[in-house]
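This report describes selected side-chain pairs, a helix contact and some backbone features. Please consult the sequence and the structure shown below while reading.

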Amino acid sequence: MLDFEEQFYNEKIKVIVGVDEAGRGPLCGPVVAAACILPRTYINEKINDSKKLSEKKRELLYDEIINNALSYGVGIVDSKRIDEINIYEATKEAMHLAISQLKVDYDLILTDAMKLKDEKVDVIDIIKGDAKCQCIAAASIIAKVTRDRILLDMDQKHPEYGFKSHKGYGTKKHIEAIKEHGIIDGFYRETYEPIKSLLLEEKIIKK
């Protein structure tokens, strides 16, 4: 990862931001993006694409990343906004929000295959960036852990949906829970299937 990332440093580029998101696919909950700046000399071989790590490892790495980052930011865009502008635009909005929270100057932004405009520095979108760049992988961990904690909090309030296990994804058990209990207004993405069709057919209720 560091070898790949190193190619972007030069006389003008001294500080690089990694940006990634979590939660584009689930039926409910926000999309969360994170921006992370790590010291150029920082090395942690355990950092990887958050999807390839266990929940326990992500939690441990989250603390390490936060403690070592020069700066980081988190952007959260809720389900209502996702329904208004679509998930692609909502993801970009979350990323811009995360970047806007950074407290140090930076020279370049690297994203995980997401094109961003209107930033004050150049943005390079890298396919599978979370598996190639440590700073993007670190951002993916921050975003994933932040989003998972939101779903775990919802699980405490609404244990009947099983958010703790599926984190909002459309598993068979989750769909069954939706059909039995309806959807939580404002938390579910009503433009996503099968939510959209179930609402149109009046097979589920909002509560």
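**Salt bridges**

The structure holds 15 salt bridges, a salt bridge being a side-chain nitrogen of Lys or Arg within 4 Å of a carboxyl oxygen of Asp or Glu. The model is predicted, so local features need pLDDT of at least 70 and side-chain atom pairs count only at pLDDT 80 or more, while totals for chains, interfaces and linings use all residues. Residues are numbered from 1 along each chain as its sequence is written, and side-chain values use heavy atoms, with hydrogens and water left out.

One of the salt bridges joins the side chains of Lys51 and Asp130, at 3.1 Å from N to O. Lys51 lies in the loop between strand S2 (31-37) and helix H2 (55-68), and Asp130 in the loop between strand S5 (122-126) and helix H5 (134-157), so the pair ties together parts that are 79 residues apart in sequence. Helices (H or I, at least four residues) and strands (E, at least two) are DSSP runs, numbered from the N terminus. Lys51 is exposed, at 65% relative accessibility, whereas Asp130 is buried, at 4%. Here buried means under 20% relative accessible area, exposed over 50%, and partly exposed in between (1.4 Å probe, protein chains only). Asp49 also belongs to a network of salt bridges with Lys51 and Asp130.

**Pairs within helices**

Lys92 forms a salt bridge with Glu89, with 3.3 Å between the closest N and O atoms. Lys92 and Glu89 are three residues apart in helix H4 (residues 87-100) and thus separated by about one helical turn. Lys92 is buried at 18%, and Glu89 is partly exposed at 34%.

In helix H5, Lys157 and Asp153 are four residues apart, a separation of about one helical turn. Their salt bridge has its closest N and O atoms 3.2 Å apart. Lys157 is exposed at 54% relative accessibility, and Asp153 is partly exposed at 38%.

**Packing of H2 and H5**

H2 and H5 pack with their axes 9 Å apart, at an angle of about 120°. Axes are lines fitted to C-alpha atoms, for helices over the stretch in contact, and angles run from 0 to 180 degrees between N-to-C directions. The two helices, H2 and H5, are therefore oblique to each other; angles under 35 degrees count as roughly parallel, over 145 as roughly antiparallel, 65 to 115 as roughly perpendicular and the rest as oblique.

The contact (heavy atoms within 4.5 Å) involves residues of H2 including Glu55, Arg58, Leu61 and Ile65, and residues of H5 including Ala138, Ile141, Val145 and Leu152. The contact of H2 with H5 comprises nine nonpolar, one polar and six charged residues. Ala, Val, Leu, Ile, Met, Phe, Trp, Tyr, Cys and Pro count as nonpolar, Asp, Glu, Lys and Arg as charged, and the others, Gly among them, as polar.

**Backbone features**

Most residues other than glycine have a negative phi, and most peptide bonds are trans. The peptide bond from Glu193 to Pro194 is cis, with omega near 5°, and Pro194 is placed in the loop between helix H7 (172-181) and H8.

Lys167, in the loop between helix H6 (163-166) and H7, has a positive phi near 55° and is buried at 7% relative accessibility. Glu202, in the segment after H8, has a positive phi near 60° and is exposed at 71%.
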